[in-house]
Amino acid sequence: MGRRLYEACLSGSVPALNALIEIDQLILSRVNSLTCFLNDTPLHASASCGHLDFTRALLTRKPKLAAELDSLRCSPLHLASAEGHVEIVQELLRVNTDVCIARDQDGILFFA
């Protein structure tokens with residue numbers, strides 16, 4: 001299941017995400033125990049790849065993913081902004097404005 005969720009994140013397939021959630025309603029709650037996501041979350045992958053609809057779907061189901069940090073202490077907002085995904089940055093800030101003051105592994109404060 002974890003691998004299928006990871007593939008859905010990379011492809012940005014909202015129907016695949018919905019199908020996985022239909023099979024396992026708690027799959028997003030188990031993200032930290034899935035080996036595919038040891039360094040990040042599905043939202044990190046989606047934000048980095050620029051999948052706006054997938055990002056919205058994740059934020060609708062689990063808004064607290066917006067505040068999660070990866071192994072480098074980067075938030076999904078760091079990744080989306082680094083890649084120039086402005087609409088994703090706006091969605092992340094709509095859900096949680098506090099993530100714009102997160103620090104990365106180098107202690108750099110992020111301001112959106």
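Helices here are DSSP runs of H or I with at least four residues, numbered from the N terminus. The structure is a predicted model, in which local features need pLDDT of at least 70 and side-chain atom pairs count only at pLDDT 80 or more, whereas totals for chains, interfaces and linings use all residues. Residues are numbered from 1 along each chain as its sequence is written, and side-chain values use heavy atoms, with hydrogens and water left out.

Side chains of opposite charge can pair when their charged atoms come close. A salt bridge was assigned where a side-chain nitrogen of Lys or Arg lies within 4 Å of a carboxyl oxygen of Asp or Glu. By this rule, the count comes to four salt bridges. One of them joins Arg94 to Glu91, with the closest N and O atoms 2.8 Å apart. Accessibility was classed as buried (under 20% relative accessible area), exposed (over 50%) or partly exposed (in between), using a 1.4 Å probe and protein chains only. Arg94 is exposed, with a relative accessible area of 58%, while Glu91 counts as buried at 12% relative accessibility.

Glu91 also meets the side chain of Arg56 in a salt bridge, at 3.4 Å from N to O. Because Arg56 lies in helix α4 and Glu91 in helix α6, this pair ties together parts that are 35 residues apart in sequence. Arg56 is partly exposed, at 34% relative accessibility. Together with Asp53, the residues Arg56, Glu91 and Arg94 are linked in a network of salt bridges.

A further salt bridge is formed between Glu7 and Arg3, whose closest N and O atoms are 3.4 Å apart. These two residues lie four residues apart in helix α1 and are thus separated by about one helical turn. Glu7 is partly exposed, with a relative accessible area of 42%, and Arg3 falls in the partly exposed class at 49%.

Helix α4 spans residues 52-61, and its buried residues are Leu52, Phe54, Thr55, Ala57, Leu58 and Leu59. These buried residues pack against α1 (2-11), α2 (14-23), α3 (42-49) and α6 (86-95), contact being defined as heavy atoms within 4.5 Å.
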